[in-house]
Amino acid sequence: MSTALQIPGYVAGTWAVDPVHSSVEFSVRHMMVSKVRGRFTEFSGSLVTAENPLESTVTAAIDLTSINTNNDQRDAHIRSKDFFDVETFPEMTYRSTGLRADGDDFVVSGELTLHGVTREVPLKLELNGFGPDAYGGTRAGFSATATISRNDFGIDIAMPMDGGGVVVGDKVQIFLEIQAVLQQG
């Protein structure tokens, strides 16, 4: 049995990310005692599901100026040269380089470019399904997670705390909930 036949409702084609029904979120350790969560409100992406699912690809772009952590002062600081330096690096991009099965799920190999630095970042991918939408189109849903080191991307601001530890942790967890629409023609 081919892999495509093992994925219920699988549809090969080119898909556009629906930003209204998708989210790009993150969390990072704050002051060694909790996590701050945030999201990006402006992003785009394209997926190509191939006849052989393991040959599928994805590209995405995230507008770093659209960060929202529910605190305007913190968001302005993250946009500054201390962190993202959005005047120089306004966008974060991702380009897949491979896909492999991992049990019932998948791992997307890919290159994340952030702050002028490109690093290999694998995404743990859960395929949520394919189906019709209310507008006569077809939709697909995916969930993905990753963990990156901000230091690996040259975002190495050190904000030590009295008594040890740092204000902002190095590890950043990424959470993607993606709904994509099949493009016609």
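**From values to terms**

Biologist: Why is Glu111 called partly exposed?

Modeller: Glu111 has a relative accessible area of 27%. Buried means under 20%, exposed means over 50%, and partly exposed lies in between, with areas from the Shrake-Rupley method, a 1.4 Å probe and only the protein chains as cover. Glu111 therefore counts as partly exposed. This is a predicted model, in which local features need pLDDT of at least 70 and side-chain atom pairs pLDDT 80 or more, while totals for chains, interfaces and linings use all residues. Residues are numbered from 1 along each chain as its sequence is written, and side-chain values use heavy atoms, without hydrogens or water.

Biologist: How do you know that Arg95 and Glu111 form a salt bridge?

Modeller: Their side chains meet at 2.7 Å, N to O. A salt bridge requires a side-chain nitrogen of Lys or Arg within 4 Å of a carboxyl oxygen of Asp or Glu, so the pair qualifies. Arg95 lies in strand β7 (residues 91-102) and Glu111 in strand β8, so the bridge ties together parts that are 16 residues apart in sequence. Strands here are DSSP runs of E with at least two residues, helices are runs of H or I with at least four, and both are numbered from the N terminus. Arg95, at 43% relative accessibility, is also partly exposed.

Biologist: What makes Asp18, Asp133 and Arg139 a network?

Modeller: The three residues are linked by salt bridges. Asp18 bridges to Arg139, with the closest N and O atoms 2.6 Å apart. Asp18 lies in the loop between β1 and β2 and Arg139 in strand β11 (residues 138-149), so this pair ties together parts that are 121 residues apart in sequence. Arg139 also meets Asp133 at 3.0 Å, N to O. In total, the structure holds three salt bridges.

Biologist: Why is Asp18 called buried?

Modeller: Its relative accessible area is 10%, so Asp18 falls in the buried class. Arg139 and Asp133 are buried too. Asp18 is also 6.5 Å from Val181, C-alpha to C-alpha, although the two are 163 residues apart in sequence.

Biologist: How do you know that His115 makes polar contacts?

Modeller: The side chain of His115 reaches the backbone oxygen of Phe83 at 3.3 Å. His115, in the loop between β8 and β9, is buried at 16%.

Biologist: Which backbone angle of His115 is positive?

Modeller: Phi of His115 is near 60°, although the residue is not glycine. Asn70 likewise has a positive phi, of about 65°. Asn70 lies in the loop between β6 and α2 and, at 72%, counts as exposed.

Biologist: What makes Glu25, Asp102, Asp104, Asp105, Glu126 and Glu177 a patch?

Modeller: These six residues gather in a patch of negative charge on the surface. Patch members have over 30% relative accessible area and no salt bridge, like charges being joined within 9 Å and nonpolar side chains within 5 Å. Asp and Glu count as negative, each charge being placed at CG of Asp or CD of Glu. Asp105, in strand β8, has 32% and therefore passes the area limit.

Methods. Polar contact = N/O pair within 3.5 Å; in protein donor to acceptor, adjacent residues only side chain to side chain.
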